[in-house]
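Look at the sequence and the structure together. The paragraphs below go from the terms to the chains, and then to a single residue.

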Amino acid sequence: MASINDYKNITGAATIDTLKVLGEKLKGKIVQHVNSTAVGGGVAEILTRMVPILRELGVDTRWDLIKGGEQFFEVTKKFHNVLHGKKDTVTREDFNVFMETSNLNISEVNTYGDIVFIHDPQPIALVNKRSGNKWIWRCHIDVSQPHEAVWNFLKEFIVKYDASVFSAPAFSQQLPIRQFLISPSIDPLSDKNKDLPREYVDSVLKKYGIPSDKPIITQISRFDRLKDPLGVIQAYKKVKKYNDCRLVLAGGGASDDPEGVQVYSEVMEASKGDSDIHILLLPQNDLEINALQRGSTIILQKSLKEGFGLTVTEALWKAKPVVASNVGGIPLQIKHKYSGLLCYSVDGAAFALKQLLNSPAYAKQLGENGKEHVRNNFLLTRHVRDYMLLFLSLFNQGNVIHL
Amino acid sequence: MSDANEIKKAAEPFRFCTRLHLFELTGIRAASIGDLLTHLKNVSGSCIYYHTHRFLQIHQNFSPEPPNDFAYWISEHLGDDELAERLASIDTVRFTSIRLLRESIISEIEKYLVEKPETYAVKVKKGNEFNFIQALSFVIPTDYAVSTISEFANVLEKVSVDSIYFHIFEAKLRLEKTANDFSNWLENSLGETKLAAKIAHLDPYTYTMEDLRKEIMKILRRAVK
């Protein structure tokens, strides 16, 4: 695991020195993160990287989990989906199941932190046992158009917190508590994002039978309708009439997701007969995903809906020209014609792809701008800094705080 | 400048500080110019500050955006380039307080609406509303303290852009000092009136932070030659 000093070469020493100063200011405070899983999912991924760094900076950081059975997690998954806008019926029984497990966790989980940092809806009810300590609720999901009944249910708990945190301005709601804007981040030293030798990149392309003889357009995403893989193939076909190129659609397994299986088979059908389309159903392998991104000419993210869109962040960090839909957190990352190209449709995506294939110098400039934008705004070090400032803000009044 | 001046020592050393921002969402949104105007009159000074300075922090190498979020939103989402240009051209550097800056933005919009009242009718589509955000500033002293112009120039080369940002923008506008911290110190502690004026006369809103650093360095290096 990387040490904080390893980030100096990427962010500059001054940034790391500042983090150390902030760590000093938080000495003596215990920060307790609570979520529902230690592995899998974006929250666990970010805490795995962040907790050791906060500790190294002198912040006594702990990480605890709530417990829950299958039924509870089915309900929380349903909450997650409807908050994201998916149509489903939420019943009184669902709320009862949620509260039953929550009450068990309230009696069993020790909330000893000076700051108790609750991630997402699953452990949200723990706030019912708050005493004199500070409580933060971190919402990692897009609640810009939430399911009303679920949101109102959660709001009963949210208002009991000292502060909440959202990833994008559009996700915030009218709330009586303070709401902070903290974007997610990528770790530039993780397997998914670290620099790779060209030979390794080539070996991965070779492993998956992707020759480098033509420009490669890649979308990395699950086989999910919201990622619009069929739209990606349509866009590629429109481009292919004018520019010879390859398409790589690579994503995680879909065996546990009936809709994913269906989408995958439709994708296979749509790509039939074109040997320049490479559909890769990959096991979780961060190094290989990294290599596929680095081996690509252009990265596409033609989602119909997105949370923050960290796959875009990853692509920008690799200085790749990116074409992406103007949804979710993507416009926070891509300023159209400056750090990438935004699109709204298949035709728009195809036009942007052709533009970039025909203007490599322009594409290169967009990629370089995108990388700097990520360096300044979306790396783990900025995320750690924002969290430390958030902790400090709980103990200081006013809009200008002298530390 | 003579050699004697180069080693002139300030009575009061200059202590570099740095500032960090945390962004707070207000939940306040505007979908039309009328909404924007109403909220501009009522939101906190920290909101006005955030939306007129955010671009400086987000784009440190090259800025693709006009110098305030109001102008950007009016152009991108309301589609009114003329009003956007008027707001983008507000000479932020001449204001010594957020209150005055706010009044100027409001007055520009009000004047425009008198000329073109049809602008009131334009509404942005859902999801493209203007979200008011405010900035919480954290001021932190650094270990760097300097007493001569040479030392000042050497340290300026090393400090973070956050530090330069603090002394140039935040000290003047948010803490309502008469000039930026660098000019204040050069004039009051070293008696370098001309040098102080040269830095005070830069329009920092038209530079990226790295370019601004280079420009100030150039002025200082020239002075100690």
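Two residues are in contact, or touch, if their C-beta atoms, placed from the backbone, lie within 7 Å. The model shown here is predicted: local features need pLDDT of at least 70, side-chain atom pairs count only at pLDDT 80 or more, and totals for chains, interfaces and linings use all residues. Residues are numbered from 1 along each chain as its sequence is written, while chains are lettered from A and ligands numbered from 1 in the order in which they are written.

Begin with chain A. It has 15 helices and 13 strands; these are DSSP runs numbered from the N terminus, with helices being H or I over at least four residues and strands being E over at least two. The radius of gyration of chain A, 22 Å, is close to the 22 Å that the globule rule gives for 403 residues, so chain A is as compact as a globular protein of that length. The radius is taken over C-alpha atoms, and the rule is 2.2 Å times the number of residues to the power 0.38. Along the principal axes, the C-alpha trace of chain A spans about 65 × 50 × 35 Å. Of the 403 residues of chain A, 46% count as buried. A residue is buried if 20 or more other C-beta atoms lie within 10 Å of its own, exposed if 12 or fewer do, and partly exposed in between, with C-beta atoms placed from the backbone.

Chain A is divided into domain 1 (4–185 + 379–393) and domain 2 (198–377), with bounds that come from an automatic or database domain assignment. The C-alpha centres of these two domains of chain A lie 30 Å apart. Their contact takes 9 residues from domain 1 of chain A and 10 residues from domain 2 of chain A.

Next comes a sheet in chain A. It is an open sheet of 6 strands in the order β9-β8-β7-β10-β11-β12, with parallel pairing; two strands pair if DSSP finds at least two bridges between them. At the edges stand β9 (277–282) and β12 (341–343) of chain A, each with a single partner strand, so one side of each is left without a neighbour in the sheet. Strands β7 (residues 216–220) and β10 (residues 298–301) of chain A pair in the parallel sense over 2 bridges, and A:I217 stands opposite A:I298 in β10(A).

How many residues of chain A are in contact with chain B? The count is 32 residues of chain A against 25 residues of chain B. The largest share of the side of chain A that touches chain B, 6 residues, comes from α15(A). β13(A) also pairs with strand β2 (residues 130–146) of chain B, in the parallel sense over 3 bridges. In this pairing, A:V400 stands opposite B:S137 in β2(B). Chain B has its own domain assignment, with domain 1 (3–19 + 142–224) and domain 2 (20–133).

Finally, take one residue. A:H373 lies in helix α14 of chain A. Is A:H373 buried or exposed? A:H373 is buried, with 26 other C-beta atoms within 10 Å. Not counting residues up to four places away in sequence, A:H373 touches A:L316, A:Q333 and A:S339. The C-alpha atoms of A:H373 and A:L310, which are 63 residues apart along the chain, are separated by 14 Å.
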